[in-house]
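Welcome to my notebook. Here is what I looked up, one entry at a time.

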Amino acid sequence: MKLTNRKNILDILLHAGIWLLVYALPFLIFRKGDETDLIGKMLHHAVVVASLMLVFYINYFYLIRKFLFHKQLGQFFLYNLIIIFIVGVAVHYWNEATIPHEIPKIPNQNLSHNIGFLFRDIISLIMITGLSVALKITGQWYKTEAEHQEEEKKRTEAELLTLRQQINPHFLFNTLNNIYALIEISPEKAQNVVLDLSKLMRYVL
């Protein structure tokens with residue numbers, strides 16, 4: 001139980017560290033001298049990362065287990081399409097409403113501009129869905145393999161314990177003593193007992 005709790009804590013810390021890295025990476029790589037509106041950029045990126053986390057964990061904790069593992073692929077893809085479309089559109093229009101545009105948009109290019117950025121947001125959500133599926137399936141495989149090995153270990157230990165109980169030294173010593181005493185009285189009966197003991201040992205082993 002303690003080992004399971006420790007593993008859960010490590011998983012939470014690992015997920016938190018990865019998402020923190022995803023959030024901080026653009027600021028570490030593309031950092032420039034111009035720090036104007038840094039708070040706005042941080043807020044914008046936080047919403048983007050939050051949308052990725054939302055789609056990732058809806059799949060990771062619910063949709064994959066509920067539909068994909070039960071081979072209900074149609075429902076799995078349908079729910080994902082709906083969620084990705086809703087989240088993608090919401091994030092896109094939130095960005096459009098909150099990010100200042102220094103260059104005025106040309107009216108007849110507004111539609112193509114929106115479609116292009118919306119397509120980019122949806123592609124990001126599809127990729128994070130694929131990552132969620134890959135991680136969940138990999139984790140499930142390792143879990144199943146560990147359970148299989150544990151069951152095999154328990155089965156082997158149970159077989160060894162049963163074998164030890166069947167081949168009880170006291171039983172063997174008592175039987176041999178009885179055979180030894182029986183040889184003096186009736187060698188023929190002693191031979192039959194040895195034969196029976198041999199059959200029993202052959203059956204057990």
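I began with F56 and Y60: they are 4 residues apart in helix 2 (residues 38-68), so about one helical turn separates them. Helices here are DSSP runs of H or I with at least four residues, and strands are E runs of at least two, numbered from the N terminus. This is a predicted model, in which local features need pLDDT of at least 70 and side-chain atom pairs pLDDT 80 or more, while totals for chains, interfaces and linings use all residues. Residues are numbered from 1 along each chain as its sequence is written, and side-chain values use heavy atoms, without hydrogens and water.

Next I checked burial, where buried means under 20% relative accessible area, exposed over 50% and partly exposed in between (1.4 Å probe, protein chains only). F56 counts as buried because its relative accessibility is 3%. The ring centres of F56 and Y60 lie 5.5 Å apart with planes at 15 degrees, so I noted a stacked pair. For Phe, Tyr and Trp (its six-membered ring), centres must lie within 6.5 Å; planes under 30 degrees apart are stacked, over 60 edge-to-face, the rest tilted. Y60, at 18%, is buried too.

**Around the rings**

I then found that W19, F56, Y57, Y60 and F61 form one aromatic cluster. What sits over the ring of Y60? I found the charged end of K136 there, 4.6 Å from the ring centre. The rule asks for NZ of Lys or CZ of Arg within 6 Å of the centre and within 35 degrees of the ring normal.

**The whole chain**

Last, I counted 6 helices and 0 strands in the protein chain.
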